[in-house]
Amino acid sequence: MSLNPLAWCAWAVAALAVAFVDRNPYLQLVLLMVILNVWLPYRGRATGGYWKVGTLLAVTPIVFSVALSRFGQHVLFRLPDIPILGGRWTLEALVFGASTGAALLLVVAVFGVLQTTVRSADLVSRLPPFLYRAGTVFVLAVAFAPQTVAAVRSISEARRLRGQRSGWRAAPALLVPLLLTTLERAMQYAESLDARGYGSRHRSRYQRASWQPADHLVLAASTVSLLLVILLPPTPYMPYQGLVPPFPTLVGFGAVLLLAFPALLFATRREHHVADLV
Amino acid sequence: MHASAHASTHRAALVVEHGSSWGGPHLIWKCVEFAQATISGIALLELAGVNSGQPPQVYDWGGGAITVCQINGEPRQVPDRCFGPVSGPNWSDWRATPAGWTPRNSGAAGYQVGDGDLEGWTYAAGFGSRPPSVTFSQVCPPVAPPAPAATATRRPALTEQPAVPVRASATTMPAPTSTPPPTIEALAPPASPTPQARLATTSTSRPTPPPASLAPLLVLGTMIAFLSGLFAWNLRRRGS
């Protein structure tokens, strides 16, 4: 089952709004389950890196918050007067860091789902004509960083296979082949763009994506979820004012649950469409 | 710093400006006398008695950090857990410097007020508004030195000054509640009360949480069960 990229973008915007606005642990838990459900049909498309980054981002605020904040009434332990780290280490700071880390993890997870479900080329092709050139250049520029990292890895591996030194000491020796590889890739980009008529007046499309009823459903559910989060935001959770979070309203739960629509559509589709997923 | 009228008594001026929608007196000036060399900002509020003699509603962040939530009955209803919406009105603390009013960047218990200091509190939205232009001598006019015998028997006392409108918009004048006679004994305790004592006083007026209900937990449990079932169903279909 493939949804329209714009429907996925609407879902991602609504999910990001929920992740940013709802800092309530109950809603964060439900949103994480929703994202896992939506991600499940597309798992296996190299999303492990996103979860590693998300976990790292989730742990970092906990460490910083509990180590640097001295506020709170539930003292876990006290350290002697060491600069910066000395003093009371409190449970409130730990919970506040965990809440922030959970929000970051959710944001990364949303982008992970978007990465696995939408091709950047599909998004660029749907840009309005006056943004098409800028969008293409932007996507190529963004793709430059991971491709450079991949090039460094391949060059390092080639050096190891030849019995040459690897590691950070070999970094100067990598510069010249890396520069040549990057220039070669840039030339290939230019030739590809020229071969596809980039810059000509009319833009051609290989395949024009159509809107299916499922796209309308996902778009409508995401829009309603976004409006509910913006117009009826839940009570904010402030661990320093009270460790026990306030319980969200049914509206808050409903706004999060609406984001599970893509997973519901997958669950109710016909069996013979399974092959479309892979 | 202004010289104190008495060798053992120090004075600090306090200006409290209510919000624009406040029904009562908009501006209140108080001249607070105290025996200690310095007192905390929260102690100044308590000694001034601007909250009808009660300590101001505060929130204790732990570690000695205290935020003031209600002064002189404003806001009428203290929001749950002391704070309302972030963008809503709140009390902000200011200190007078030669360059004008400067916002305090620490909690009311995190700084000390000494003799001749001028403190201001305003109730406004966002980052607060500056208090009106006031000088220390307007709030605490110079007094003649008392007789030596009176000085020997006098303890730190609280004096109140009725507010005078210093801005055209500040037309309301607080009714002088009770100007203490010169011989009144100190309303304030000889030493600043401990934070625990203040919090014990203020915590009694906080709204009690409603009794816990099982309905929200049932809702959460149902949602988690539904999403877990959906995950298992999709996992089975994905694997098939």
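**Chain contact and helix packing**

Tutor: In this predicted model, 21 residues of chain B are in contact with 26 residues of chain A.

Student: Which elements of chain B supply at least two residues each to the side that touches chain A?

Tutor: Those elements are β4 (57-62) and α5 (214-239) of chain B, and α5(B) gives the most to that side, with 13 residues.

Student: And how do the residues on that side of chain B divide into nonpolar, polar and charged?

Tutor: On the side of chain B that touches chain A there are 14 nonpolar residues, together with four polar and three charged ones.

Student: Switching to chain A, at what angle do α2 and α4 of chain A pack?

Tutor: Helix α2 (residues 25-39) and helix α4 (residues 91-117) of chain A pack at about 20°, and their axes are 10 Å apart. Angles under 35 degrees count as roughly parallel, and α2(A) and α4(A) are therefore roughly parallel to each other, with a left-handed crossing.

Student: Which residues meet there, in α2(A) and α4(A)?

Tutor: From α2(A) they include Leu31(A), Leu32(A), Ile35(A) and Trp39(A), which belong to a set meeting residues of α4(A) that include Ala102(A), Leu106(A), Ala109(A) and Val113(A). By class, the contact of α2(A) with α4(A) has eleven nonpolar and four polar residues, and no charged ones.

Student: What about α2(A) and α9 of chain A, what is the angle there?

Tutor: Here too the angle is about 20°, and the axes of α2(A) and helix α9 (residues 250-257) of chain A are 9 Å apart. These two helices are therefore roughly parallel to each other, and α2(A) passes α9(A) in a right-handed crossing. The contact is made by Leu27(A), Val30(A), Leu31(A) and Val34(A) on α2(A), with Gly252(A), Phe253(A) and Val256(A) on α9(A). Six of the residues in this contact are nonpolar, one is polar and none is charged.

Student: Next, α6(A) and α7(A): at what angle do their axes cross?

Tutor: The axes of α6 (residues 129-161) and α7 (residues 171-195) of chain A cross at roughly 135° and come within 10 Å. The two helices are therefore oblique to each other, and the crossing is right-handed. Among the residues making the contact are Ala151(A), Val152(A) and Ile155(A) of α6(A), and Leu178(A), Arg185(A) and Tyr189(A) of α7(A).

Student: Where is the kink in α6(A)?

Tutor: The kink, of about 30°, lies at Phe144(A), shortly before the proline Pro146(A). Across its 33 residues, α6(A) reaches 47 Å from its first C-alpha to its last, close to the 48 Å expected at 1.5 Å a residue. The helix is followed by Gly163(A), which has a positive phi near 80°.

Key. Residues are numbered from 1 along each chain as its sequence is written. Chains are lettered from A and ligands numbered from 1 in the order in which they are written. This is a predicted model: local features need pLDDT of at least 70, side-chain atom pairs count only at pLDDT 80 or more; totals for chains, interfaces and linings use all residues. Two residues are in contact if their C-beta atoms, placed from the backbone, lie within 7 Å. Helices (H or I, at least four residues) and strands (E, at least two) are DSSP runs, numbered from the N terminus. Ala, Val, Leu, Ile, Met, Phe, Trp, Tyr, Cys and Pro count as nonpolar, Asp, Glu, Lys and Arg as charged, and the others, Gly among them, as polar. Axes are lines fitted to C-alpha atoms, for helices over the stretch in contact, and angles run from 0 to 180 degrees between N-to-C directions. Angles under 35 degrees count as roughly parallel, over 145 as roughly antiparallel, 65 to 115 as roughly perpendicular and the rest as oblique. A crossing is left-handed if the near helix is turned anticlockwise from the far one by less than a right angle, and right-handed if clockwise. The expected span of a helix is 1.5 Å times one less than its number of residues. The bend at a residue is the angle between axes fitted to the seven residues ending there and the seven starting there.
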